[in-house]
Amino acid sequence: MTSPQPPRCAVPDDAGKQALAWWHTARFLTTAAQLDQLPALALPEIAFVGRSNAGKSTCINTLAQQRQLAFASRTPGRTQHINLFALGPKEQPQAVLADLPGYGYAAVPQKDKLRWQRVMANYLLSRANLCGVVLLCDARLGLTPLDEALLEMMRPRVEQGLRFLVLLTKADKLNRAEQNKALQIMRLNAGGGQVQLFSALKKQGVAAAAQLLRSWVPEAMHNAPDGDAPPPTQPHQPEQPTPAAPQA
């Protein structure tokens, strides 16, 4: 008896197509090796985080329908910058995508691991315009101890309204029964966040993720204090550091 097959390539509906068209506007904004090098923005910001090899760059490129928007290093864990991308019309950007460095790769020196854990903790805890976080997890592996530490670290902000989504990547590697099991387990451990399956290869969950993340932006703008958001090219002031992240 053969195993159940995963879903075929998904075709987005009109709402999905509109969300994907918005994501296709993504373009590079700036990069920073340190937190205080990031511009201080009022535009809603959505951060993508995840363990090295979880498929974060592939996910971003798939959502944006651009092959090389997010850089995927040939050596996992070597991309150690925070990269920002603007979303929406060029004349009036509507949101910012933040691509944070992958974590947990064994070949990276311990001092570099600890430094980037601190940078990530400072960003997630203190970035004022952060409206949502997307955690990328390999659907076959689930949460790692570092993922769990990140969830625990973000819990106070999630309880205060920070939106949170776990994308179970590489879902095409699982059959339908395994996908359902992975979803059930992650929903029990996501700490209040939403959970979706995602496959860049089969386009599974791509339109759904695009729609959900797009919906976070008007919500964040509605809840923001009065006043116009400064354009992304405005000079910035350094942000103050916050406590370090849990160590691996």
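User: Which residues of helix α1 (residues 14-23) are buried?

Analyst: This is a predicted model, in which local features need pLDDT of at least 70 and side-chain atom pairs count only at pLDDT 80 or more, while totals for chains, interfaces and linings use all residues. Residues are numbered from 1 along each chain as its sequence is written, and side-chain values use heavy atoms, with hydrogens and water left out. In helix α1, the buried residues are Gly-16, Ala-19, Leu-20, Trp-22 and Trp-23. Viewed down the axis of α1, its buried residues fall within an arc of 155°, so they line one face of the helix; the arc is that of the directions from the helix axis to the C-beta atoms. The face turned away from that buried side carries Asp-14 and Gln-18, which are exposed. Helices are DSSP runs of H or I with at least four residues, strands are runs of E with at least two, and both are numbered from the N terminus.

User: Why is Trp-22 called buried?

Analyst: Buried means under 20% relative accessible area, exposed means over 50%, and partly exposed lies in between, using a 1.4 Å probe and protein chains only. Trp-22 has a relative accessible area of 8%, so Trp-22 counts as buried, and Trp-23, at 0%, is buried as well.

User: What makes Trp-22 and Trp-23 an aromatic pair, and what is their geometry?

Analyst: The structure holds three aromatic pairs. In one of them, the rings of Trp-22 and Trp-23 are 5.7 Å apart, centre to centre, with 90° between the planes, and the pair is edge-to-face. The rule for rings of Phe, Tyr and Trp (its six-membered ring) asks for centres within 6.5 Å, and it counts planes under 30 degrees apart as stacked, over 60 as edge-to-face and the rest as tilted. Phe-28 and Phe-85 also pair edge-to-face, at 6.0 Å centre to centre and 75° between the planes. Phe-28 lies in strand β1 (residues 27-32) and Phe-85 in strand β3 (residues 82-87), so this pair ties together parts that are 57 residues apart in sequence. Phe-85 is buried, with a relative accessible area of 2%. Ring pairs also link Trp-22, Trp-23 and Phe-48 into a cluster.

User: How do you know where the charged end of Arg-214 sits?

Analyst: The charged end of Arg-214 is 4.4 Å from the centre of the ring of Trp-22 and sits over that ring. The description requires NZ of Lys or CZ of Arg within 6 Å of the ring centre and within 35 degrees of the ring normal.

User: What makes Asp-13 a cap of α1?

Analyst: A side-chain oxygen of Asp-13 lies 3.3 Å from the backbone nitrogen of Ala-15, at the N-terminal end of α1. A polar contact is a pair of N or O atoms within 3.5 Å; within protein, one must be able to donate a hydrogen and the other to accept it, and residues adjacent in sequence count only if both atoms are side-chain atoms.

User: Which residues touch the most other members of the largest nonpolar core?

Analyst: Of its 43 residues, Ile-82, Tyr-123, Leu-124, Leu-135, Val-166 and Leu-168 touch the most other members. Another core, of 34 residues, lies apart from it and includes Ala-26, Ile-60, Val-134 and Val-206. A nonpolar core is a set of buried Ala, Val, Leu, Ile, Met, Phe, Trp, Tyr and Cys residues joined through side-chain atoms within 4.5 Å.

User: Why is α2 described as largely enclosed by the rest of the structure?

Analyst: Eight of the nine residues of α2 are buried, so the helix is largely enclosed. The buried residues include Lys-56, Cys-59, Ile-60, Asn-61 and Leu-63.

User: What is the phi of Gln-65, and where is that residue found?

Analyst: Gln-65 has a phi near 55°, a positive value in a residue other than glycine, and is found in the loop between α2 and β3. At 40% relative accessibility, Gln-65 counts as partly exposed. Asn-53 has a positive phi near 80° and is found in the loop between β2 (45-50) and α2 (56-64); with a relative accessible area of 48%, Asn-53 is partly exposed.

User: How many helices and strands does the protein chain have?

Analyst: The protein chain has six helices and seven strands, and 51% of its 248 residues count as buried.
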